[in-house]
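Subject: Structure handover

Hello,

Here is the structure I promised to pass on. Please open it alongside this note, and my findings follow below.

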Amino acid sequence: MERPKLTKAGVLSEVRDYLVIAIGMLSYCIGWGIFLLPNSITTGGVAGVSSILYWATGIPVQLSYFVINGVLLLIALRILGFRFCVKTIYAVSILTMSVAFVTENYDGHLLNDQPFMAAIIGAVFCGCGVGLGLSSNGSTGGTDIIAAIINKYRDISLGRVIMLCDVVIITSSYLVLKDWEKVIYGYVVLYVTAFCIDQVVNSQRSSVQFFIISDKYQEIGARINREPHRGCTVIDAQGFYSGKGVKMLFVLANRRQSDLIFRIINDIDPHAFVSQSAVIGVYGEGFDQFKVKRSKAAKS
(Lines give C-alpha, C1' and ligand atoms only; values in the text may rest on other atoms or scores of the structure.)
Protein backbone atom coordinates (compact mmCIF):
# COMPACT_ATOMS: atom_id res chain seq x y z
CA MET A 1 0.00 0.00 0.00
CA GLU A 2 1.47 3.32 -1.09
CA ARG A 3 1.91 6.01 1.49
CA PRO A 4 0.25 9.34 0.62
CA LYS A 5 2.69 11.84 -0.86
CA LEU A 6 3.56 14.88 1.17
CA THR A 7 2.77 18.13 -0.56
CA LYS A 8 3.60 21.68 0.39
CA ALA A 9 -0.11 22.51 0.69
CA GLY A 10 -0.68 19.46 2.89
CA VAL A 11 2.22 20.32 5.21
CA LEU A 12 1.07 23.94 5.52
CA SER A 13 -2.45 22.76 6.28
CA GLU A 14 -1.18 20.49 9.06
CA VAL A 15 1.00 23.26 10.52
CA ARG A 16 -1.98 25.60 10.44
CA ASP A 17 -4.12 23.02 12.25
CA TYR A 18 -1.61 22.61 15.05
CA LEU A 19 -1.16 26.37 15.39
CA VAL A 20 -4.93 26.95 15.55
CA ILE A 21 -5.32 24.15 18.12
CA ALA A 22 -2.62 25.74 20.30
CA ILE A 23 -4.39 29.12 20.12
CA GLY A 24 -7.68 27.44 20.96
CA MET A 25 -6.23 25.68 24.00
CA LEU A 26 -4.70 28.91 25.28
CA SER A 27 -8.12 30.53 24.90
CA TYR A 28 -9.72 27.68 26.86
CA CYS A 29 -7.03 27.99 29.54
CA ILE A 30 -7.81 31.68 30.02
CA GLY A 31 -11.52 31.03 30.34
CA TRP A 32 -11.17 28.09 32.72
CA GLY A 33 -8.10 28.99 34.76
CA ILE A 34 -8.61 32.74 35.14
CA PHE A 35 -12.38 33.34 35.08
CA LEU A 36 -14.18 30.14 36.06
CA LEU A 37 -12.01 28.10 38.44
CA PRO A 38 -11.02 30.96 40.82
CA ASN A 39 -14.68 32.02 41.07
CA SER A 40 -15.91 28.46 41.81
CA ILE A 41 -17.98 28.31 38.63
CA THR A 42 -18.33 24.89 37.06
CA THR A 43 -17.80 24.19 33.42
CA GLY A 44 -18.66 20.99 31.56
CA GLY A 45 -16.69 17.98 30.42
CA VAL A 46 -13.56 16.67 32.02
CA ALA A 47 -12.65 20.22 33.02
CA GLY A 48 -15.83 20.31 35.10
CA VAL A 49 -15.07 16.94 36.69
CA SER A 50 -11.53 18.09 37.46
CA SER A 51 -12.85 21.30 39.01
CA ILE A 52 -15.24 19.36 41.26
CA LEU A 53 -12.46 17.00 42.34
CA TYR A 54 -10.23 19.99 43.09
CA TRP A 55 -12.85 21.69 45.25
CA ALA A 56 -13.64 18.45 47.06
CA THR A 57 -10.19 16.91 47.54
CA GLY A 58 -7.58 19.46 46.50
CA ILE A 59 -6.26 17.28 43.66
CA PRO A 60 -4.66 19.64 41.07
CA VAL A 61 -6.99 20.10 38.11
CA GLN A 62 -4.26 19.49 35.57
CA LEU A 63 -3.51 16.06 37.04
CA SER A 64 -7.08 14.70 37.05
CA TYR A 65 -7.76 16.32 33.69
CA PHE A 66 -4.80 14.58 32.06
CA VAL A 67 -5.52 11.14 33.58
CA ILE A 68 -9.24 11.10 32.67
CA ASN A 69 -8.55 12.24 29.14
CA GLY A 70 -5.90 9.55 28.75
CA VAL A 71 -8.54 6.89 29.41
CA LEU A 72 -11.03 8.48 27.00
CA LEU A 73 -8.41 8.77 24.28
CA LEU A 74 -7.68 5.06 24.46
CA ILE A 75 -11.37 4.46 23.76
CA ALA A 76 -11.48 7.06 20.98
CA LEU A 77 -8.39 5.76 19.20
CA ARG A 78 -10.29 2.93 17.53
CA ILE A 79 -13.34 5.00 16.52
CA LEU A 80 -11.98 8.39 15.53
CA GLY A 81 -8.66 7.29 14.13
CA PHE A 82 -5.03 7.93 14.91
CA ARG A 83 -4.93 11.36 13.26
CA PHE A 84 -7.76 12.77 15.41
CA CYS A 85 -6.25 11.31 18.57
CA VAL A 86 -2.78 12.69 17.83
CA LYS A 87 -4.18 16.19 17.56
CA THR A 88 -6.32 15.68 20.64
CA ILE A 89 -3.32 14.42 22.63
CA TYR A 90 -1.47 17.52 21.46
CA ALA A 91 -4.40 19.73 22.52
CA VAL A 92 -4.76 18.03 25.91
CA SER A 93 -1.01 18.39 26.52
CA ILE A 94 -1.02 22.09 25.64
CA LEU A 95 -4.05 22.73 27.86
CA THR A 96 -2.62 20.68 30.75
CA MET A 97 0.68 22.59 30.72
CA SER A 98 -0.95 25.99 30.33
CA VAL A 99 -3.48 25.36 33.12
CA ALA A 100 -0.67 24.11 35.38
CA PHE A 101 1.24 27.32 34.69
CA VAL A 102 -1.80 29.52 35.34
CA THR A 103 -2.89 27.80 38.56
CA GLU A 104 0.63 27.91 39.98
CA ASN A 105 1.38 31.52 39.04
CA TYR A 106 -1.97 33.31 39.09
CA ASP A 107 -3.47 34.21 42.49
CA GLY A 108 -5.94 36.88 41.37
CA HIS A 109 -9.73 36.70 41.30
CA LEU A 110 -10.93 38.67 38.32
CA LEU A 111 -14.58 39.76 38.63
CA ASN A 112 -14.79 38.17 42.07
CA ASP A 113 -17.75 40.40 42.92
CA GLN A 114 -19.40 39.86 39.50
CA PRO A 115 -19.74 36.09 39.07
CA PHE A 116 -22.26 36.42 36.25
CA MET A 117 -19.83 38.43 34.11
CA ALA A 118 -17.04 35.99 35.02
CA ALA A 119 -19.25 33.14 33.82
CA ILE A 120 -20.06 34.87 30.51
CA ILE A 121 -16.49 35.92 29.72
CA GLY A 122 -15.03 32.59 30.79
CA ALA A 123 -17.58 30.71 28.68
CA VAL A 124 -16.77 32.80 25.60
CA PHE A 125 -13.06 32.00 25.93
CA CYS A 126 -13.79 28.30 26.55
CA GLY A 127 -16.31 28.02 23.71
CA CYS A 128 -14.08 29.73 21.18
CA GLY A 129 -11.17 27.53 22.26
CA VAL A 130 -13.14 24.29 21.85
CA GLY A 131 -14.54 25.49 18.51
CA LEU A 132 -11.08 26.27 17.15
CA GLY A 133 -9.87 22.85 18.25
CA LEU A 134 -12.76 20.97 16.66
CA SER A 135 -12.52 22.93 13.41
CA SER A 136 -8.89 21.78 13.13
CA ASN A 137 -9.73 18.10 13.78
CA GLY A 138 -8.67 18.20 17.40
CA SER A 139 -10.43 18.77 20.71
CA THR A 140 -9.93 19.46 24.40
CA GLY A 141 -10.89 15.87 25.12
CA GLY A 142 -13.66 14.72 27.44
CA THR A 143 -17.18 15.27 26.18
CA ASP A 144 -15.68 16.82 23.04
CA ILE A 145 -14.50 13.31 22.15
CA ILE A 146 -17.99 11.93 22.77
CA ALA A 147 -19.49 14.72 20.66
CA ALA A 148 -16.99 14.10 17.85
CA ILE A 149 -17.85 10.38 17.84
CA ILE A 150 -21.59 11.12 17.57
CA ASN A 151 -21.02 13.83 14.94
CA LYS A 152 -19.02 11.32 12.89
CA TYR A 153 -22.19 9.30 12.31
CA ARG A 154 -24.99 11.80 12.84
CA ASP A 155 -25.49 15.35 11.56
CA ILE A 156 -26.12 16.73 15.06
CA SER A 157 -24.89 20.04 16.43
CA LEU A 158 -21.61 19.55 18.28
CA GLY A 159 -22.54 22.18 20.85
CA ARG A 160 -25.90 20.51 21.56
CA VAL A 161 -24.31 17.10 22.14
CA ILE A 162 -21.78 18.60 24.53
CA MET A 163 -24.56 20.46 26.34
CA LEU A 164 -26.56 17.29 26.92
CA CYS A 165 -23.50 15.41 28.16
CA ASP A 166 -22.47 18.17 30.55
CA VAL A 167 -25.75 18.90 32.35
CA VAL A 168 -25.18 16.07 34.82
CA ILE A 169 -21.63 17.20 35.56
CA ILE A 170 -22.65 20.77 36.32
CA THR A 171 -25.64 19.73 38.41
CA SER A 172 -23.44 17.41 40.48
CA SER A 173 -21.23 20.36 41.46
CA TYR A 174 -23.90 21.21 44.04
CA LEU A 175 -22.72 18.22 46.09
CA VAL A 176 -19.42 20.06 46.63
CA LEU A 177 -20.26 23.75 46.40
CA LYS A 178 -23.63 23.58 48.21
CA ASP A 179 -24.70 26.66 46.29
CA TRP A 180 -27.47 26.54 43.66
CA GLU A 181 -26.45 30.01 42.46
CA LYS A 182 -23.09 28.62 41.36
CA VAL A 183 -24.88 25.75 39.62
CA ILE A 184 -27.03 28.23 37.71
CA TYR A 185 -23.90 30.11 36.65
CA GLY A 186 -22.60 26.76 35.44
CA TYR A 187 -25.69 26.37 33.26
CA VAL A 188 -25.02 29.84 31.84
CA VAL A 189 -21.44 28.78 31.05
CA LEU A 190 -22.77 25.64 29.37
CA TYR A 191 -25.18 27.52 27.12
CA VAL A 192 -22.74 30.27 26.11
CA THR A 193 -19.97 27.72 25.49
CA ALA A 194 -22.21 25.61 23.24
CA PHE A 195 -23.31 28.71 21.31
CA CYS A 196 -19.72 29.84 20.76
CA ILE A 197 -18.67 26.35 19.64
CA ASP A 198 -21.37 26.27 16.98
CA GLN A 199 -20.54 29.78 15.78
CA VAL A 200 -16.83 29.05 15.43
CA VAL A 201 -17.24 25.61 13.83
CA ASN A 202 -19.95 26.77 11.41
CA SER A 203 -17.95 29.82 10.38
CA GLN A 204 -14.99 27.58 9.54
CA ARG A 205 -17.10 25.16 7.49
CA SER A 206 -19.52 27.58 5.82
CA SER A 207 -19.75 27.28 2.04
CA VAL A 208 -20.93 29.44 -0.86
CA GLN A 209 -22.05 28.78 -4.39
CA PHE A 210 -21.41 30.81 -7.53
CA PHE A 211 -23.25 31.06 -10.82
CA ILE A 212 -20.96 32.74 -13.35
CA ILE A 213 -22.02 33.76 -16.86
CA SER A 214 -19.17 34.85 -19.10
CA ASP A 215 -17.91 34.38 -22.66
CA LYS A 216 -14.53 33.57 -21.07
CA TYR A 217 -15.92 30.75 -18.94
CA GLN A 218 -13.13 28.37 -19.96
CA GLU A 219 -10.39 30.68 -18.71
CA ILE A 220 -12.27 31.39 -15.49
CA GLY A 221 -12.96 27.72 -14.89
CA ALA A 222 -9.34 26.77 -15.51
CA ARG A 223 -8.10 29.39 -13.01
CA ILE A 224 -10.62 28.30 -10.36
CA ASN A 225 -9.50 24.68 -10.85
CA ARG A 226 -5.86 25.69 -10.52
CA GLU A 227 -5.77 28.27 -7.71
CA PRO A 228 -8.46 27.59 -5.09
CA HIS A 229 -8.54 23.97 -6.32
CA ARG A 230 -12.31 23.91 -6.77
CA GLY A 231 -14.24 22.08 -9.44
CA CYS A 232 -16.55 23.82 -11.90
CA THR A 233 -19.63 22.54 -13.69
CA VAL A 234 -20.51 24.00 -17.09
CA ILE A 235 -24.25 24.42 -17.62
CA ASP A 236 -25.87 25.19 -20.98
CA ALA A 237 -28.26 28.11 -20.50
CA GLN A 238 -30.24 30.47 -22.71
CA GLY A 239 -31.14 34.11 -22.22
CA PHE A 240 -34.93 34.44 -22.19
CA TYR A 241 -35.09 37.91 -23.76
CA SER A 242 -32.20 37.59 -26.24
CA GLY A 243 -32.66 33.91 -26.98
CA LYS A 244 -28.87 33.64 -27.06
CA GLY A 245 -27.21 30.46 -25.79
CA VAL A 246 -24.69 30.99 -22.99
CA LYS A 247 -22.39 28.90 -20.85
CA MET A 248 -22.78 29.17 -17.08
CA LEU A 249 -20.28 27.98 -14.48
CA PHE A 250 -21.53 26.46 -11.25
CA VAL A 251 -18.94 26.53 -8.44
CA LEU A 252 -19.05 25.45 -4.79
CA ALA A 253 -16.33 26.73 -2.46
CA ASN A 254 -15.50 27.54 1.13
CA ARG A 255 -16.50 31.03 2.22
CA ARG A 256 -12.88 32.04 2.81
CA GLN A 257 -12.18 31.34 -0.88
CA SER A 258 -14.81 33.83 -2.08
CA ASP A 259 -12.44 36.79 -2.39
CA LEU A 260 -9.97 34.76 -4.44
CA ILE A 261 -12.73 33.61 -6.84
CA PHE A 262 -13.97 37.16 -7.27
CA ARG A 263 -10.41 38.34 -8.02
CA ILE A 264 -10.05 35.62 -10.64
CA ILE A 265 -13.30 36.63 -12.32
CA ASN A 266 -12.40 40.31 -12.22
CA ASP A 267 -8.94 39.66 -13.72
CA ILE A 268 -10.33 37.67 -16.65
CA ASP A 269 -13.73 39.25 -17.33
CA PRO A 270 -14.76 42.31 -15.28
CA HIS A 271 -18.11 42.34 -17.11
CA ALA A 272 -19.08 38.79 -16.14
CA PHE A 273 -22.46 38.24 -14.50
CA VAL A 274 -21.95 36.62 -11.08
CA SER A 275 -24.38 35.40 -8.46
CA GLN A 276 -23.11 34.33 -5.03
CA SER A 277 -25.19 32.78 -2.25
CA ALA A 278 -24.61 30.93 1.00
CA VAL A 279 -25.48 27.25 1.27
CA ILE A 280 -26.48 25.36 4.40
CA GLY A 281 -24.39 22.25 3.73
CA VAL A 282 -22.18 20.76 1.03
CA TYR A 283 -21.34 17.07 1.11
CA GLY A 284 -18.96 15.11 -1.07
CA GLU A 285 -15.32 15.14 -2.10
CA GLY A 286 -13.55 18.22 -0.80
CA PHE A 287 -16.36 19.10 1.61
CA ASP A 288 -18.14 17.38 4.51
CA GLN A 289 -18.94 13.67 4.55
CA PHE A 290 -22.45 12.26 4.72
CA LYS A 291 -23.54 11.49 8.28
CA VAL A 292 -26.49 9.23 7.47
CA LYS A 293 -26.64 5.78 8.94
CA ARG A 294 -27.22 3.16 6.25
CA SER A 295 -30.15 0.83 6.70
CA LYS A 296 -29.59 -2.91 7.14
CA ALA A 297 -31.24 -3.56 3.79
CA ALA A 298 -28.82 -1.20 2.02
CA LYS A 299 -25.82 -2.84 3.68
CA SER A 300 -26.94 -6.29 2.57
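The structure holds eight aromatic pairs. Rings of Phe, Tyr and Trp (its six-membered ring) count as a pair if their centres lie within 6.5 Å; planes under 30 degrees apart are stacked, over 60 edge-to-face, and the rest tilted. One of the pairs is W32 with Y65, which is tilted, at 5.8 Å centre to centre and 55° between the planes. This pair links distant parts of the chain, 33 residues apart: W32 sits in helix α1 (residues 8-36) and Y65 in helix α3 (residues 61-80). Helices (H or I, at least four residues) and strands (E, at least two) are DSSP runs, numbered from the N terminus. W32 is buried at 1% relative accessible area, and Y65 is buried at 2%. Buried means under 20% relative accessible area, exposed over 50%, and partly exposed in between (1.4 Å probe, protein chains only). Y28, W32 and Y65 form one aromatic cluster.

A note on the source. This is a predicted model, where local features need pLDDT of at least 70 and side-chain atom pairs count only at pLDDT 80 or more, while totals for chains, interfaces and linings use all residues. Residues are numbered from 1 along each chain as its sequence is written, and side-chain values use heavy atoms, with hydrogens and water left out.

Next, a lysine. K87 lies in helix α4 (residues 82-105). K87 counts as buried because its relative accessibility is 0%. Its side chain makes a polar contact with the side chain of D17, at 2.7 Å. A polar contact is a pair of N or O atoms within 3.5 Å; within protein, one must be able to donate a hydrogen and the other to accept it, and residues adjacent in sequence count only if both atoms are side-chain atoms. Beyond its neighbours within four places in sequence, K87 is in contact (heavy atoms within 4.5 Å) with residues including E14, Y18, I21 and N137. N137 follows helix α5 and has a positive phi, near 65°.

Now the strands. β3 (residues 245-254) pairs antiparallel with β1 (residues 207-213) over seven bridges. Two strands pair if DSSP finds at least two bridges between them. I212 has L249 in β3 as its bridge partner. β2 (residues 232-238) also runs antiparallel to β3, joined by seven bridges. There, I235 stands opposite M248.

Overall, the chain has 12 helices and four strands. Of its 300 residues, 43% are buried.

Best wishes
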